[in-house]
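Please study the sequence and the model before reading each solution.

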Amino acid sequence: KYDITRYLQKIVVKDLNEEDMFKAVKNASSKYTEYHTCELNDDAIKTSIRLAKNFITTEKCPSSALNLIDGACAYTRMHVETPKELIDLREKLFTVTKEKMSISGSSDAEAFDRKDKLIREEIDLKKKIESLENKHETKKLKVTDNDIKQALSIMINVPLSELNEDEKTKLKTLKTNLTNVV
């Protein structure tokens with residue numbers, strides 16, 4: 001019944017120039033790098049802006065560049081290797097806990113002493129694991145251009161090899177690619 005568009009005014013927001021875009025993304029990206037305990041250099045920020053403008057059409061920069069940075073930081077954090085010592089301690093904790101549970105039904109003095117020893121060992125292992133996890137978690141990771149590209153590849157579901165292909169090659173093969181598709 002009512003035409004609400006008469007009461008609303010269209011607002012046009014101009015895109016930021018490259019320098020202002022860089023500053024905005026750099027300032028805002030600090031929250032993401034702090035959360036993921038990563039470091040981000042200026043080249044990675046510039047790459048994220050360039051790739052976001054070229055490949056992410058569902059949203060505008062700087063929002064798309066920040067989402068890309070967030071994804072790259074998460075990707076980097078997820079794919080960091082867990083130290084072997086930490087894996088070994090977790091396996092030992094599992095074995096000790098399993099053995100402790102199997103003794104739970106016994107009521108003789110020897111089983112009670114063994115269970116007591118296992119409980120102390122379990123507590124000690126948990127402390128060591130927590131210490132190693134804290135040391136491992138606080139290690140800052142560097143997010144590179146390749147991490148940004150990998151995150152974009154995952155976000156838009158395009159293989160990384162196609163993102164690395166340079167623009168001239170794409171333009172040269174454009175006609176062939178289009179005829180193959182059509």
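**Exercise 1.** Determine which residues Thr33 touches, not counting residues up to four places away in sequence, and whether Thr33 is buried or exposed.

*Solution.* The model is predicted, so local features need pLDDT of at least 70 and side-chain atom pairs count only at pLDDT 80 or more, while totals for chains, interfaces and linings use all residues. Residues are numbered from 1 along each chain as its sequence is written, and side-chain values use heavy atoms, without hydrogens and water.

Step 1. List the contacts (heavy atoms within 4.5 Å): Thr33 touches Cys38, Leu40 and Cys73.

Step 2. The relative accessible area of Thr33 is 12%, so Thr33 is buried.

**Exercise 2.** Describe how α2 and α6 pack, and name the residues that meet.

*Solution.* Step 1. The angle is about 25° and the axes lie 9 Å apart (axes are lines fitted to C-alpha atoms, for helices over the stretch in contact, and angles run from 0 to 180 degrees between N-to-C directions).

Step 1. Angles under 35 degrees count as roughly parallel; therefore α2 and α6 are roughly parallel to each other.

Step 2. From α2, Asp43, Ala44, Thr47, Ser48, Leu51 and Phe55 meet Asp145, Ile148, Lys149, Leu152 and Ile156 of α6.

How values were computed:
Buried means under 20% relative accessible area, exposed over 50%, partly exposed in between (1.4 Å probe, protein chains only). Helices (H or I, at least four residues) and strands (E, at least two) are DSSP runs, numbered from the N terminus. Angles under 35 degrees count as roughly parallel, over 145 as roughly antiparallel, 65 to 115 as roughly perpendicular and the rest as oblique.
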